[in-house]
Amino acid sequence: MAGSSSLLRAAVFAMALLLLRASSVDAFFDPFSIFRARTEGDIFDPFGVGSTSNGGADDVPEKAEVAQTEVEEKGAARPNTMGLTRVPPTGTPSKASLETTVLRVNTRDDKADGAWTIVSDNSGVSAMHLAIMRHGRAVMFDTVTTGRSLMRLRFDNCRVDPRAKKPNTTDCWAHAVEFDYNTGAVRPLKILTDTWCSAGGFDAEGNLVQSGGYFEGDKAVRYLSPCDTCDWVEHPRSFADGRWYATQQVLPDGRFAVFGGRRSFSYEFVPKPGLFNHQSVPLPFLRDTTDDVENNLYPFVNLLPDGSLFIFANDRGIILDHRAELVIREIPPLPGGARSYPASAMSALLPLDLRGGKLHGGADPEPEVIICGGAPTTSFKVGENGEKLMVALRDCGRINLGNPDARWTTEDMPVARVMGDMLILPTGDLLLLNGANKGCAGWGFAKYPVLTPLLYSPGQPQGSRFRPLAASTISRLYHSTAALLPDATVLVAGGNTNAGYNFSGVDFPTEVRVERFTPPYLDRHVAANRPEIDMPSVPKDGMRYGSRFPFRFRTPVAAVVEADVMVTMYAPPFTTHGYSMNQRLLILAVTSFVADGWSYGVTVDAPGKPELAPPGYYLVYVVAKGVPSAAAWVKIQ
């Protein structure tokens, strides 16, 4: 473990060079105090200062006191002003920034390739973390550690900096925003504790429950409700162990379990607001999968239909009964390299098809997981030593977890990719986007951005599952994010974190532009008959487990028949570092279909139990001849 602190050590030097160029950033953070080396003995004392088991803001080391600069003094907006500042000039593009990877789309077929548009040139905060709320907004946030953002807080609502030696020193830059993805409007949110590399998910009422982070934030739990005036409510002393680079998974009873984090070889449950955990549950698997660069952070976690959890870290997995605190079985290793952060592959639970089961007591669908890309095990070390960056992994592995004897089956993507994002679309296809062709996660540890998204169709035979789509023009490497929207388009944001939101003198400037990708299924040539859900017909009390769920929809141009129609429900995830936590898509069984011209009454079976779909709000889509409707927000309980 002596070399485990190397994961972020190299970032110190990159940031320090930036600080030498811009003295104004000095006032905001001291990188050397943040990344100082740790020993094996302080695994359960992440600050190295004898913090208590319920540590919080009072336990963190103080930041070096620095003189307040003019930039800080002007870092607050006047009352009733939005506080968005201008994007600085980027300077002349470097040679490395121009070396991108773009795949050729197939021009010999008549299929659409998708389209890109810019939603906003300035989101105020770079979206290291991204979640879609049910009131029509996206929440984006990064970290307090890198200094200023491009969004000012009101002068009477600044954040007290708990790391400063001088009492009541304030930080007047917003580090989180609420973003209107239809208009581009931005509202600043006030984070109190550091959310750097944290986790999250939605509870049964649609509130964002967000956990962990760094320094004073590593044991915090934060809550954000979906409303136009809501702001973060924080409980900084919630966990027994620090949760930096951890994964948060919702459980069938609506609780959350949080797994891992730097030197936290354990898991624990999110306590009720205001309470704290006295101890965690050891998970030796996390210690077994660590290595000298910690290739087991942000483990992939999926809730399976029988209520157990699939956990994958580094190159292997287990199935865990979290109720009995028992490992049920080990999953064979996925060969080829590392897949967890900082190797940063993409992963998802493939759609759960409920059409073959009965409403009550039917057999569970067999869960299948996919993992694509990643990096060689030594990739981070190579980058840290300044050597030539290693090519990312190109393969995808799939495994049927319902089969105790299953083994990974692999196939190659059209291009190697690390730090990509993987989203499940309403049609059941997967979208792979963002990331790089060489390197791994870390500040400046990757190059050759992959600008071409891939469409992956899991139901097609091997050799015909991947299709390159229209390329973006924006490079999004480390800390980029993406999210499926209710209108079935994809929001793409974040990337390229630099100290003090640096926009010049770096290969890849901090990215605050927000894009929308329109998948091929909404091309005007195929979407003219796009189905439309009759929103007033959707039951206001939502779905009940094991009950029928009726509603109506229409098609604007031509009639469709039952065989043309599929109804899916999607759990909106919390996305960061290339992993969309709690993402799942279910294909519902249609039990009644009545056509009246171009209007239709349809009844579907709600999932029979919360192990299939934990309680909360889902996006319900109607897909007609491969074209999805805009979704209805539906609560299942």
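Throughout these legends, a residue is called buried at under 20% relative accessible area, exposed at over 50% and partly exposed in between, with a 1.4 Å probe and protein chains only. The model is predicted, so local features need pLDDT of at least 70 and side-chain atom pairs count only at pLDDT 80 or more, while totals for chains, interfaces and linings use all residues. Residues are numbered from 1 along each chain as its sequence is written, and side-chain values use heavy atoms, leaving out hydrogens and water.

**View 1. F141 and its two ring partners.** Both F141 and F574 are buried. Rings of Phe, Tyr and Trp (its six-membered ring) pair if their centres lie within 6.5 Å, and their planes count as stacked under 30 degrees apart, edge-to-face over 60 and tilted for the rest. F141 and F574 form a tilted pair, 6.0 Å centre to centre with 40 degrees between the planes. The rings of F141 and W232 have centres 5.4 Å apart and planes at 85 degrees, so this pair is edge-to-face; W232, at 7% relative accessibility, also counts as buried.

**View 2. Arginines over aromatic rings.** A charge sits over a ring if NZ of Lys or CZ of Arg is within 6 Å of the ring centre and within 35 degrees of the ring normal. R134 lies over the face of Y617, at 4.2 Å from the ring centre, and the charged end of R255 sits over the ring of F269, 4.4 Å from its centre.
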